[in-house]
Amino acid sequence: FGGEVQMALALTPQLSLTGGIDYVNGTQIGGSEEPLPFMPPFRTRITAEYSANNWWTGLTMRYVAAQNRVAAEEDETAGYTLVNATAGYRFDTNGLHRIVLRAENIFNVTYRDHLSRVEDRQSFMPARNLSLVYSYNF
């Protein structure tokens with residue numbers, strides 16, 4: 001069983017908040033009744049975004065709980081909180097051409113993602129990083 005809820009709220013024409021939570025609980029049936037592998041832990045996120053004319057900026061906080069209910073071949077993972085920021089410029093009113101600056105994992109949190117498919121499960125996920133992206137949507 002599980003579920004996901006997402007909500008969005010426009011505080012002003014320029015400022016919006018979005019948030020969501022999700023949770024899944026899976027158990028093998030008919031025998032061992034052990035947890036299923038790769039079950040995501042409880043997660044929540046909230047984003048504030050400000051947009052004016054062709055510019056926008058946003059801040060996202062994502063919290064992921066510890067996953068202690070794991071299958072026999074899995075390791076438990078600790079919970080973590082990540083903060084990401086974004087800023088961008090739309091070159092036209094339709095937003096077809098745009099440039100975006102992203103800062104991810106701003107506080108350089110060391111964490112392991114329980115859903116990672118990386119073979120070495122003891123590897124950490126990416127540290128703080130910046131990216132500058134130009135995109136054209138067609």
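These questions and answers walk through a predicted model of one protein chain.

Residues are numbered from 1 along each chain as its sequence is written, and side-chain values use heavy atoms, with hydrogens and water left out. Because the model is predicted, local features need pLDDT of at least 70 and side-chain atom pairs count only at pLDDT 80 or more, while totals for chains, interfaces and linings use all residues.

Me: How many helices and how many strands does the protein chain have?
Reply: Helices (H or I, at least four residues) and strands (E, at least two) are DSSP runs, numbered from the N terminus. Read from that end, the elements go β-β-β-β-β-β-β. The count is 0 helices and 7 strands.

Me: What radius of gyration does the protein chain have?
Reply: This value is taken over C-alpha atoms, and the globule rule used beside it is 2.2 Å times the number of residues to the power 0.38. The C-alpha atoms fill a box of roughly 60 × 30 × 30 Å along the principal axes. A compact globule of 138 residues would come out near 14 Å, but the protein chain has 19 Å.

Me: What percentage of the residues of the protein chain count as buried?
Reply: Buried means under 20% relative accessible area, exposed over 50%, and partly exposed in between (1.4 Å probe, protein chains only). Of the 138 residues, the buried share is 22%.

Me: How do β1 and β2 pair, and over how many bridges?
Reply: Two strands pair if DSSP finds at least two bridges between them. Strand β1 covers residues 2–10 and strand β2 residues 15–24, with a hairpin of 4 residues joining them. Within this pair, M7 has G19 as its bridge partner. The sense is antiparallel, and the number of bridges is 9.

Me: Which residue in β3 is the bridge partner of G19?
Reply: Strand β3 takes in residues 43–52 and pairs with β2 in the antiparallel sense over 8 bridges. On the β3 side, the partner of G19 is I46.

Me: Is G20 buried or exposed?
Reply: G20 sits in strand β2. With contact meaning heavy atoms within 4.5 Å, and leaving aside neighbours within four places in sequence, G20 touches V5, Q6, R43, T44 and R45. Its C-alpha atom is 6.2 Å from that of M7, 13 residues away along the chain. Because its relative accessibility is 13%, G20 counts as buried.

Me: Which residue in the hairpin of β3 and β4 takes a positive phi?
Reply: Strand β4 (residues 55–64) pairs with β3 in the antiparallel sense over 10 bridges, and A52 stands opposite W55 there. The hairpin has 2 residues between the strands, and the one with a phi near 55 degrees is N53.

Me: Why does N53 count as exposed?
Reply: N53 lies in the loop between β3 and β4. It counts as exposed because its relative accessibility is 76%.

Me: What is the phi of F38?
Reply: Most residues other than glycine have a negative phi. F38 is in the loop between β2 and β3, and it counts as partly exposed because its relative accessibility is 26%. Its phi is positive, in a residue other than glycine, and near 55 degrees.

Me: Which residue in the turn between β5 and β6 has a positive phi?
Reply: Strand β6 (residues 97–104) pairs with β5 in the antiparallel sense over 6 bridges, and Y89 stands opposite I99 in β6. The two strands form a hairpin with 6 residues between them, and the turn residue with a phi of about 75 degrees is G95.
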